[in-house]
Amino acid sequence: MKTIGLLGGLSWHSSLEYYRIINQAVQDRLGGAHSARCLLYSVDYAEVDALERADRWDEVAAIVLAAAQNLERGGADFLVICTNTTHKLAGSIQAGIGIPILHIADATARAIRQRGIERVGLLGTRFTMEEDFVRGRLIRDYGLDVLVPPEPERALVNRVIYDELCAGVFRDEARRCFLDIMRGLVAAGAEGIILGCTEIGLLVPPDDCPAPAFDTARLHALAAVDFALAE
């Protein structure tokens with residue numbers, strides 16, 4: 001079994017889900033008292049949050065790269081960045097370490113393709129919805145048609161993620177708003193919905209979504225188990 005390096009704390013609420021899903025999956029596959037070989041480096045999210053809001057990504061990169069290098073030095077065989085937004089920096093992080101990064105968009109796209117879905121709606125931070133590091137990868141590498149909500153709804157989703165979900169606040173009102181936005185994406189032609197922030201699945205359970213939901217945190221964690229257990 002390979003040792004999984006988990007770069008977490010972005011936020012710790014979804015990192016906890018990664019740890020739970022990974023260990024449960026390893027036990028399910030290997031039986032008995034088996035659990036995953038993993039290292040977790042959890043950053044102080046308040047520092048990262050402030051820098052992201054200010055678009056000071058060079059400073060975010062320094063924090064995250066130092067964490068990744070610590071995981072590599074600790075013996076991790078590969079790296080899992082436990083958040084979608086920080087994959088904005090995946091290329092620069094990969095250049096600074098000698099172990100592979102398992103990209104969250106790849107794990108998500110493979111699951112979508114296995115369902116035979118072509119057009120998906122994407123919810124996440126404004127960076128994830130508007131920039132190229134997840135959305136572009138889904139389009140270029142997997143041929144998916146990716147829809148995002150209109151700008152006012154993107155702003156609402158982004159605000160809820162940063163001000164509420166990352167602080168562990170999961171309100172019924174926010175849940176209803178997210179479900180309304182998902183229904184709008186389905187009306188626009190989405191055949192499935194990507195929960196493209198690792199906390200969204202904690203707010204809206206995938207079974208409650210109006211179309212097949214692809215919870216990036218769960219899919220990423222299970223992909224890590226596949227990679228760790230592969231010969």
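H5 covers residues 104-114 and H11 covers residues 216-229. They pack at an angle of about 100 degrees, and their axes lie 8 Å apart. Axes are lines fitted to C-alpha atoms, for helices over the stretch in contact, and angles run from 0 to 180 degrees between N-to-C directions. Helices (H or I, at least four residues) and strands (E, at least two) are DSSP runs, numbered from the N terminus.

This is a predicted model: local features need pLDDT of at least 70, side-chain atom pairs count only at pLDDT 80 or more, and totals for chains, interfaces and linings use all residues. Residues are numbered from 1 along each chain as its sequence is written, and side-chain values use heavy atoms, with hydrogens and water left out.

Which residues of H5 meet H11? They are Ile104, Ala107, Thr108, Arg110 and Ala111. Their partners in H11 are Thr216, Leu219, His220 and Ala223. Contact here means heavy atoms within 4.5 Å.

Now to the sheet. It is open and has 3 strands, in the order S2-S1-S3, with parallel pairing. Two strands pair if DSSP finds at least two bridges between them. S2 and S3 (78-81) are the edge strands, each pairing on one side only. Neighbouring strands are turned by 20 degrees against each other on average, direction ignored.

S1 (residues 4-8) pairs with S2 (residues 38-42) over 5 bridges. Gly5 stands opposite Leu39 in S2. S1 is also joined to S3, by 4 bridges. There, Leu7 stands opposite Ile81 in S3. H11 returns here: this helix packs on the sheet and touches S1 and S3. Its direction makes about 175 degrees with that of S3.

Another helix pair is H8 (residues 151-163) and H9 (residues 172-187). They pack at an angle of about 145 degrees, with axes 11 Å apart. Glu153, Leu156, Val157 and Val160 in H8 meet Ala174, Cys177, Phe178 and Ile181 in H9.
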